Amino acid sequence: MVVGQRVLLFQLIVVAVLVLNHINVQGLKLGYYHKTCPNTESIVRKTTYGFVSRAPTLAAPLLRLHFHDCFVRGCDGSVLLNSTKNQAERDAVPNLSLRGYHVIDAVKSAVEKACPGVVSCADIVALVARDSVSMIHGPSWEVPLGRRDGRVSRLNEALANLPSPFFNITQLKQNFAAKGLNMKDLAVLSGGHTIGTSHCIAFGNRLYNFSGRGDTDPSMDPKYVAQLKQKCKPGDTTSLVEMDPGSFKTFDEDYYTLITKRRGLFESDAALLDDAETKGYVFHQASVHGSTFEKDFAVSMVKMGRVGVLTGNQGEIRKHCAFVN
């Protein structure tokens, strides 16, 4: 290599390092609270464990809280804000079934006791989601931190931005792409439905009135339809059904196996079979018993956790997660 090329290569390396440093300063990074609140992650984990160990079914709603936060205004804790004169995200219909706010409040209280005014509610939501999944034998992942809390929460934005269980593959594609997430992320993050329950109202039309003529969804396994009809009567708004029957408390690949058998609970689950890439991922995970699912899930969760974040001097660090300062 000639001298001129070496000098140019050295200059490029210096520029690359400066750019990466700038990204770290502006964005999220691992160990963000290392100096300002070094025990953040252990406090979050210990407090979360206190709840999830007693009620393992809390893991699913705590994971869902992170999803629903990030898909509206980015991962800024806006889903936690109470309504004031304006109706907030948490009062939108898709969020009425969210649970686990009390866990976030307890974690925030414990962190505030150790380091007042340092750790954001948005970061706590991201950490609690990770910890609750790992506590039910799911994957764990490193969570880059440094999110700031938003000051705005609007019900209509939740309605406009959250992916619906009634979405088809085109709508899902558009919804995820708007957040910078690709088709693989869609297939992987849909796998979060391996844990948790749903109200009958989120899929009841597939059982009783799919095309407006009192019919069932022809893409659904008739035996599965019959089972669901035992649990959900027409117009049922209160009953809960397992999203991954038989292992809804366990983070595993069974979700993908069910979809290959046309037993996805939501239209949005079944829609994964309507695109070559997502269908390929579903059948691959079913055939290899989810050998890469946990690793893939960790990667996509970190990616989702970066959507629309507020950093630096943006937003604020809320004292209480349900109220702006």
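What follows is a set of questions and answers on this predicted model.

Me: How many cavities of 30 Å³ or more are there?
Reply: Rolling a probe the size of a water molecule over the atoms shows where empty space is left. A cavity is a space where the probe fits but cannot get out. With the cut-off at 30 Å³, the count is 1 cavity.

Me: Which residues line the largest cavity, and how do they divide by class?
Reply: The space in this cavity is about 50 Å³. Its lining is made by H66, A126, W141, E142, V143, P144, R147, M301, V302 and G305. Gly counts as polar here. By class, the lining has 6 nonpolar, 2 polar and 2 charged residues.

Me: Which element gives the most residues to the lining of the largest pocket?
Reply: The largest pocket holds about 1,300 Å³ of space. It has 47 lining residues, and R64, H68, P94, S97 and F266 are the closest to its centre. At least two lining residues each come from α3 (59-70), α6 (155-161), α7 (169-177), α8, β1 (197-199) and α12 (267-270). The one that gives the most, with 7 residues, is α3.

Me: How many residues of that pocket lining are nonpolar, polar and charged?
Reply: Ala, Val, Leu, Ile, Met, Phe, Trp, Tyr, Cys and Pro count as nonpolar. Sorted by class, the lining of the largest pocket has 30 nonpolar, 13 polar and 4 charged residues.

Me: What is the orientation of α8 and α14 to each other?
Reply: Two packed helices are described by the angle between their axes and the distance between the axes. For α8 (residues 183-190) and α14 (residues 293-304), the angle is about 115 degrees and the axes are 9 Å apart. Angles of 65 to 115 degrees count as roughly perpendicular. The two helices, α8 and α14, are therefore roughly perpendicular.

Me: Which residues make that contact, and how do they divide by class?
Reply: From α8 come K184, D185, V188 and L189, and from α14 come F293, D296, F297, S300, M301, K303 and M304. By class, the contact of α8 with α14 has 6 nonpolar, 1 polar and 4 charged residues.

Me: Is the crossing of α2 and α4 left-handed or right-handed?
Reply: Helix α2 (residues 40-52) packs with helix α4 (residues 101-114) at about 145 degrees, with axes 9 Å apart. In α2, I43, V44, T47, T48 and F51 meet H102, V103, A106, V107, A110, V111 and A114 of α4. This contact has 9 nonpolar, 3 polar and no charged residues. As α2 passes α4, the crossing is right-handed.

Me: How many charged residues are in the contact of α2 with α5?
Reply: On the α2 side are T40, E41, V44, R45, T48, Y49 and V52; on the α5 side are L127, V128, R130, D131, S132 and M135. Asp, Glu, Lys and Arg count as charged. Beside 6 nonpolar and 3 polar residues, the number of charged residues is 4.

Note on methods. Residues numbered from 1 in each chain as written. Predicted model: local features only at pLDDT ≥ 70, side-chain atom pairs only at ≥ 80, totals over all residues. Heavy atoms only, no water. 1 Å grid on protein atoms, 1.4 Å probe; cavity = no way out; pocket = protein on both sides within 12 Å on 5 of 7 lines; lining within 4 Å. Points joined across faces, edges and corners; volume = space filled by probe spheres on them. Axes fitted to C-alpha atoms, helices over the stretch in contact; angles between N-to-C directions. Helix = DSSP H or I, 4+ residues; strand = E, 2+ residues; numbered from the N terminus. Parallel < 35°, antiparallel > 145°, perpendicular 65-115°, else oblique. Contact = heavy atoms within 4.5 Å. Left-handed = near helix turned anticlockwise from the far one by under 90°.
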